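Thanks for coming. I have one chain to go through today, and I will keep to the numbers.

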Amino acid sequence: MKRALHVVAGTLLFALLGFALGSWLTGWYSDHLARSDADINTAVGVFLWLWVPFAALGGYLADRWYRRQNPPR
């Protein structure tokens, strides 16, 4: 049960961090580099496609950390 909680916490943490970073980068891109609404839509689409694997990476890293801290006996 503790392992599952670590994985969920890691996933949520990375999802929140990814959302904050992705939102900031998308906003910056739309203000400084985008030439049209299509560019902004593409940036948001890329952000959404990368957000899910980034959150999954958080769960994976949390699982690895938990396994390292609690080796099987």
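In which helix does His 32 lie? His 32 lies in helix 1. Before I go on, this is a predicted model, so to speak of provenance: local features need pLDDT of at least 70, side-chain atom pairs count only at pLDDT 80 or more, and totals for chains, interfaces and linings use all residues. Residues are numbered from 1 along each chain as its sequence is written, and side-chain values use heavy atoms, with hydrogens and water left out.Now the overall layout. The chain has 2 helices and 0 strands; helices (H or I, at least four residues) and strands (E, at least two) are DSSP runs, numbered from the N terminus. With a radius of gyration of 16 Å, well over the 11 Å that the globule rule gives for 73 residues, the chain is more spread out than a compact globule. That radius is taken over C-alpha atoms, and the rule is 2.2 Å times the number of residues to the power 0.38. The C-alpha trace spans about 60 × 15 × 15 Å along its principal axes.

Of the 73 residues, 19% count as buried. Buried means under 20% relative accessible area, exposed over 50%, and partly exposed in between (1.4 Å probe, protein chains only).

Two residues show both ends of that scale. His 32 is exposed, at a relative accessible area of 53%. From His 32 to Pro 53 is 21 residues in sequence and 26 Å in space, C-alpha to C-alpha. Asp 63, in helix 2, counts as buried, at 12% relative accessibility. Which residues does Asp 63 contact, leaving aside its neighbours within four places in sequence? They are Arg 3 and Val 7, where contact means heavy atoms within 4.5 Å. Across the chain, among contacts between residues at least 6 apart in sequence, 82% join residues at least 24 apart.

Last, the largest pocket. About 250 Å³ of space lies in it. Of its 14 lining residues, the closest to the centre are Leu 21, Gly 22, Leu 25, Phe 47 and Leu 50. A pocket here is an open set of points on a 1 Å grid over the protein atoms alone, where a 1.4 Å probe fits, with protein on both sides within 12 Å along at least five of seven lines; lining residues have an atom within 4 Å of a point. The volume is the space filled by probe spheres set on the points. Helix 1 gives the most to the lining, with 7 residues. By class, the lining has 11 nonpolar, 3 polar and no charged residues; Asp, Glu, Lys and Arg count as charged, Ala, Val, Leu, Ile, Met, Phe, Trp, Tyr, Cys and Pro as nonpolar, and the others, Gly among them, as polar.
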